[in-house]
Amino acid sequence: MQAGMPLITKDLIAQHNLTGEEYQKIIDILGREPNLTELGMFSVMWSEHCSYKSSRVHLKKLPTTGPRVVQGPGENAGAVDIGDGLCVVFKMESHNHPSFIEPYQGAATGVGGILRDIFTMGARPIALLDSLRFGELHSPKNRHLMKGVVAGIAGYGNCMGVPTVGGEIVFNDIYSLNPLVNVFCLGLAHTDRIFRGTAAGVGNPVIYFGSKTGRDGIHGATMASDSFDDQSEQKRPTVQVGDPFTEKLLLEACLELMERDLLVGIQDMGAAGLTSSSCEMASRAGNGIELDLTVVPRREPGMTPYEIMLSESQERMLMVAKAGKEEECIEICRKWDLDVAVVGKVTADGILRVLDQGKVVAEVPAKALADDGPRYERPYQPPAYQDMLTNLNYDAIPDVKDGNAALLTLLQSPTIASKRWVYEQYDHMVRTNTTVRPGSDAAVVRIKGTKKAVAMTVDCNSRYCLLNPYEGARLAVAEAARNLVCSGAAPIGLTDCLNFGNPERPDIMWQFAMAIEGMKDACEHFRIPIVSGNVSFYNETNGLSIYPTPMLGMVGLIEDAERTMTQWFKQDGDVVIVLGSTREDLGGSEYIKVVHAREQGSPPYLSLDAEQALHGCVLSLIHDGLLQSAHDCSEGGVAVALAESCMSGSERALGAMVTLTKGRLRKDAVLFGESQSRVVISAKPIHRQAILDRASQFGVPGEVVGAVSGDRLIVSVADEGRLERVIDQPVESLRDQWAFSLERSLNQA
Amino acid sequence: MNIGVVVFPGSNCDHDCRHVFHDVLGQDVTMIWHKETSLAGLDAVILPGGFSFGDYLRTGAIARFSPVMQAVKRYAAEGGMVLGICNGFQILLEAGLLPGAMLRNKSLHFICRETYVKVENAATPFTSACRSGQVLKIPIAHADGNYYTDPVTLAGLQANAQVVFRYCTADGHVIPEACPNGSLDNIAGIRNAEGNVLGMMPHPERCAEAMLGNEDGRLVLASMVEGLKNAKRSEAVV
């Protein structure tokens, strides 16, 4: 025990969020009691966030391999081959808790963290997407959170020069006290120049570079600093502060370092900072690392080893250089005005040894910290309330009377309304690759120097996941894939960001386990590998948990960028066709929520075979140049999909005249039901028969429902020869409601 | 032609400018680190967009002190062509190479979207391929593009035909509603009195290829390249 170190008491252990058994395991590993610094290191590395202790047994069921996979889970990000010697490196991460406490910095540092994960791998980030969840905007607090988060994303991403090309936002009061901020980033790298977080080569120097280390983001450090160093200032807020300018310098410095033959391994200092980057790199290589904290660049004097090892100051990196290349590395870092110091070396003994002023202050097996954390098979069971959620008595819900009013209500609901107010604050064009901008089913960026383009989407309908987590997760995979397919891209890989409540509750753990099963089944069926991911548990306040939100970020490849498709109608006179079949799928729909104020029922039926047939059909139609537009039917059903096809293009809105067949269905199900595996397409009349023939070859139902025409959206429902005109609206007035309602909601007094 | 693209720490449209001049317009491009002190051998200099020095303190306020800016001033004084786009325009203002200053956008938000600009002066080396009064669709992406200057300077700019681009509607009406950021007199781009330095907030390099759905920006950049070629030819003749 070192002088000045407090005794490790039961209270101290509990304050570090470690259980008695976990503490005993630490003693068994060390063969002694840990000191406070070591306790802190174990507590962060064995936290749910870093160790995946509740989720790991489930996550390992997910399919992670495939012929294109260059790097699966376990590294800073996943990588998938796109040919031409290139691969895309991508991952999605959450920054939910900090964004609730301090929306601007919470969201900004979320962007910063995921960007580092990507360029650490040797990839230049070329696209960002965001998935956000807020409570409804009638509450001033929710408006404040949303404005802050959007400004934070803009502030960081714009400065970095990485375009924010897409995303999605859903509003539901369940997220009022737990907003979600999930950020997806994709980068481009040479397949043979991927960098990994490994500390190989005993004797190689370990170099710290980036910002200085400060006292921000130290978890549980309050009590420690009081008892441990009474000189220390008051604890800083636990939310880190981002500096996108330094991150931009870090990005350019990293890519310049990587262009030369200098590095063995590199990792960013994210959660658990210096502790995680050093022990994970050492553990992956089966080596140890010796760190000298005396030379770590610091923002202020008097920092303890505990604080330095646990600091989550942003914009910092750790690299292992080839021996003898130190000076060259340092020179590049200095060119970019970054702090840099050789802080240690790789050792053979497998120990993460930390020295300060010549004394050993921590000595822990690297593997014990990084990989030997606890694993839990937490009990799970469906909650008692589950049946109540799925039981929806449709007889008690009157069928739609005023189709115009219902459509307008849906188009104005912030979840469906245009997100223009948001994406105009993001630079979505920088790097001059964005060929499909925000506002279509998927965002598309071209890959310069090739004929290719990459499409990206982020998706999850968490209401479906609440009503049936297994089905909800399958539906999320299907919808993400469908969005890509509608842009002409074949899905090639997936990253996930799994947002759930408290895993110690069996009902939450059941939601989690079921969602993983659903993702697994759908991904295996479509052969889409999951190459990276992130789990965010404890999204719960006052015992109220968020809806299970397994957010997916899916990436697709367009071999010929000229064959990229968009969702909006192009020309008067084109035929409008609905591919796929419509069932009575009102359960969990946006329509039932916004018009009838219920979030109940069973989520829509999904046949993975039918979905896959649809994907094959749409891709082949786009490939052969037969389509003018393709738009996925999702929230709001075919009526909203038609309206969006009319008005979401950047040019003049186009009208359409459409007749839908009622059959035995309710009228509202025909218009607003959310039956899956459906796409609204438009095409030149000359291709009409070829498209119908192609659909039937793929076994996909296809029905010509009308034509692009005029400046009104007119939808009739045919019921045994009787034709009822249920929607008839000028598209410009629909567009006005849809395009500006979000702004109006945000600017209400 | 050899086009120099200055790279400040925090520049982020430097690669886009290199791409458009090199890959689209077929010119040589030299990247100029901000600590360089000579611009010898360059036919034109681009100050690209981005967030030089994080735009901390004020946009362009720190970049004007970079060593390269002394060289840019000499280069401009000797008649060299200088184009500042977005942050590059802001730096030209801070460096005193162009008059005026940038305020925060009227909405106080960063704005990224298409705008229409009217070519008010087609007799400049940056607009010679355009018609006078032609409407170009060129996107903006900035938080501080609200151009401001004093009335005397503004009158001088107007009198000398130094206002090169004004924000307008799609059919060319210069009205306040067409101004995205509150800019004085709808100003989107101005030149110096000598005519060899242009600053503009819209990004022509973002709309110079069919693949990106708009080629209007190419007119501006191609004007530059053609003007330089003609100048070289007449030099050769003399």
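**Close-up views of chain A**

**View 1. The surroundings of A:Ser413.** A:Ser413 counts as buried because 23 C-beta neighbours lie inside 10 Å. (Buried: 20 or more other C-beta atoms within 10 Å of the residue's own; exposed: 12 or fewer; partly exposed: in between; C-beta atoms are placed from the backbone.) The model is predicted: local features need pLDDT of at least 70, side-chain atom pairs count only at pLDDT 80 or more, and totals for chains, interfaces and linings use all residues. Residues are numbered from 1 along each chain as its sequence is written, while chains are lettered from A and ligands numbered from 1 in the order in which they are written.

A:Ser413 sits in the loop between α16 (403-412) and α17 (420-423) of chain A. (Helices are DSSP runs of H or I, at least four residues; strands are runs of E, at least two; both are numbered from the N terminus.) Beyond its neighbours within four places in sequence, A:Ser413 is in contact with A:Glu590 and A:Val594. (Contact: C-beta atoms, placed from the backbone, within 7 Å.)

**View 2. An open sheet of 6 strands in chain A.** The order is β14-β15-β16-β21-β17-β18, with mixed pairing. (Strands pair if DSSP finds at least two bridges between them.) β14 (434-436) and β18 (530-536) of chain A are at the edges, each with a single partner strand, so one side of each lacks a neighbour in the sheet.

**View 3. Strands β17 and β21 of chain A.** β17 (residues 490-499) and β21 (residues 549-558) of chain A pair in the antiparallel sense over 9 bridges. A:Pro491 stands opposite A:Gly556 in β21(A).

Definitions and conventions. Two residues are in contact if their C-beta atoms, placed from the backbone, lie within 7 Å.
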